[in-house]
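Hi everyone, thanks for coming.

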Amino acid sequence: MHTCNFGLCRNISKGQMVFFSSVEVPLACSHRVNGLGPRPWLPAGTLLVGKTGEELFRVVQNTALPVPGVLHAVKGFWAEALVDMEEADSLAFSAASKGLSIAWVTLSDKGAAGERVDESGPLIERLVRESLNVGHAQGFILPDSIAELKQTVMELALGQGYDVILTTGGTGVGPRDTTPEAITGILEKRLYGFEQAMMAASLAKTHNAVISRAVSGTLGGCLIITLPGSRKAVAENLEAVLPAVAHTVAKLQGDSADCGS
Amino acid sequence: MHTCNFGLCRNISKGQMVFFSSVEVPLACSHRVNGLGPRPWLPAGTLLVGKTGEELFRVVQNTALPVPGVLHAVKGFWAEALVDMEEADSLAFSAASKGLSIAWVTLSDKGAAGERVDESGPLIERLVRESLNVGHAQGFILPDSIAELKQTVMELALGQGYDVILTTGGTGVGPRDTTPEAITGILEKRLYGFEQAMMAASLAKTHNAVISRAVSGTLGGCLIITLPGSRKAVAENLEAVLPAVAHTVAKLQGDSADCGS
Amino acid sequence: MHTCNFGLCRNISKGQMVFFSSVEVPLACSHRVNGLGPRPWLPAGTLLVGKTGEELFRVVQNTALPVPGVLHAVKGFWAEALVDMEEADSLAFSAASKGLSIAWVTLSDKGAAGERVDESGPLIERLVRESLNVGHAQGFILPDSIAELKQTVMELALGQGYDVILTTGGTGVGPRDTTPEAITGILEKRLYGFEQAMMAASLAKTHNAVISRAVSGTLGGCLIITLPGSRKAVAENLEAVLPAVAHTVAKLQGDSADCGS
């Protein structure tokens, strides 16, 4: 349980973004929080819960914020207010986790350039929410770039602590299809089983499924699943592996329940 | 449209091999062709079509030909005459592509030594022609040698521009089975989907299919598929992936039709 | 056929361990064997058969035994007496191979610490014996340690000459699951077909099978198959590949029967 001493902003509206750190920063809207320590970090999706159990904020991004006149960028996190909060001098809260945190990333040159509406990304979020207990989900869009995808997935897995990252697009054999190259380079444990299950599901529908080079695996405590770009392939592939996602994340993050039975 | 000025040979019979280059070479039968440029190169299987659409030649091999008295080996290509051509001073033609170009390579110590008749290679060509629109097909035979297979496939994919290369043999676990080692080392994009589809098709027939280490992938604009040595396995494996070959080659060579639907 | 000159022990009981080498060592019970050569080595499971065909000993471990006062550790092997043998001055025998030699290795921190009974390892041995012609089987238990597993499998495959090594445990995504990392690093020929067949068999039972990262392949003349830790997964996975094990080992060890039909 932390005590939050309000800094520059006192009246907070639902939906407002607030920056939390252990030092005061000249930024509206920010809070200096006692007891957060020098490197406050909470996984994206973490809830900040008040004394009586009310959900006050949800963490949406950890960052080190460059602040004029301060030597080192200030570590802290942005959180979204979940309720209206009236003027008060301090506010106590504790961190709580509820459901899985999901990041989805659409790989599309045209989409990233605003020349095409992203339909596969939102489809992923809808299907995942229908199947799993999702506490937090956030979408991203990138051009088909190895460097950008690597950097983004590293950041989301290790910097933001997402439980699951799902990508769509860039898994084929075209000149701009480089998702497998980007992801394979950063996976710690490759999960051929996820790949095989998804391929088998797609092959049951079309011979052309063989063209997909979608890979899966882990990075830190995060499960990474790449999916083809088409909505049809997204749906077919996800259906094959969603039932195993919660179990996999639990094992990955150290659930030591005995498997040997 | 190039204008071909006949060099040393003027009467060409159907089936005759003719060397085309941008300089005159003292070689029967060769042609100096105006407008080919210093590095004439046409993918194997390219047709040279006359003014009225008649197919005159088909390119069968690009090469740099060592010519006595010439400083650098002369770049050009060998083409097969598809019709009889009578004496003429010049001939205009343009390059055209029709159907897929296929190279198949049989890996067999005994076959390469002439101690065994190659039946799997011709079977590949027959099955591929039955299933796909093939413009040109050429067979090769090699002993089970990593170096020779690597060199040959690099040459066929990058030097000759074949659309598809299919190998047979050398995929097992015997001491001389080294096709996967050779091919894996030169693939640019590995296609686990092709491998999985072929393995699943074989497993449906026999438990012993697990012994195959056949790999697939891409090199330049070429799709490479390795197959086991037995005719039975060749047929089972090919059946599983042939329906996807044309689509894969089109995507690989940059067909940018949108996949996102 | 070697002539065995009894050294320090003359009356041998069934089940007794005897050390064989080409020099006399001050060790009960040991034999100096004429004609074994400076590096006696027989694959684990090899039978030592007497003149009239009776099975006298079975090799259980090759080793280089440190002996006080001898410059180099003495190469030889331990063998288990299969019958009672009364006092005699010499004994002639020849080496014979009968059936497959199998080593199974259980990976389990708790099991290795004696805090849990190993049930999956014995299950492997039972299932393998039911399905294959097994001449010799030996179990091992290790904690989930990359270094220990690598060293053990190298030793069993290359130092002891086992035909097949089966491991159970450590194939998941938990922090201590490192069997794939250990084994992948020492495989010479990876057998994706075994992996695919096992995964397909498990997926037919449960979506959660995707979590397994079990790998298979070869090292020297040895077939290595890793299995998940649970008894259920062991049974499902083994059933899918046991029918192909004898064929694979025969091919791996150089059976040159023609595959091309």
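Let me start with a term: a residue is called buried under 20% relative accessible area, exposed over 50%, and partly exposed in between. Also keep in mind that this is a predicted model.

So, B:D109: its relative accessible area is 28%, which makes it partly exposed. Which side chain does B:D109 meet in a salt bridge? That's B:R176, with N and O 2.8 Å apart. B:R176 sits in the loop between β10 and α4 of chain B, while B:D109 is in helix α1, so the pair ties together parts that are 67 residues apart in sequence. B:R176 is partly exposed too, at 46%.

Now chain C. There, C:R176 and C:D109 form a salt bridge, again 2.8 Å from N to O. This pair links the loop between β10 and α4 of chain C with helix α1 of that chain. C:R176 comes out at 48% relative accessibility, and C:D109 at 27%.

Over in chain A, A:R129 pairs with A:E125, with the closest N and O atoms 3.1 Å apart. Those two both lie in helix α2, four residues apart, or about one turn.

Over all chains, the count is 27 salt bridges. How many of them cross between chain A and chain C? Zero, by this rule. Still, 24 residues of chain A contact 24 of chain C, and about 1,800 Å² is buried between them, 58% of it from carbon and sulfur atoms. There are three residue pairs in polar contact there. On chain A's side, α6 gives the most, with nine residues.

Key:
Residues are numbered from 1 along each chain as its sequence is written. Chains are lettered from A and ligands numbered from 1 in the order in which they are written. This is a predicted model: local features need pLDDT of at least 70, side-chain atom pairs count only at pLDDT 80 or more; totals for chains, interfaces and linings use all residues. Side-chain values use heavy atoms; hydrogens and water are left out. Contact means heavy atoms within 4.5 Å. Buried area is the accessible area (1.4 Å probe) that two parts lose on being put together, summed over both. A salt bridge is a side-chain nitrogen of Lys or Arg within 4 Å of a carboxyl oxygen of Asp or Glu. A polar contact is a pair of N or O atoms within 3.5 Å; within protein, one must be able to donate a hydrogen and the other to accept it, and residues adjacent in sequence count only if both atoms are side-chain atoms. Buried means under 20% relative accessible area, exposed over 50%, partly exposed in between (1.4 Å probe, protein chains only).
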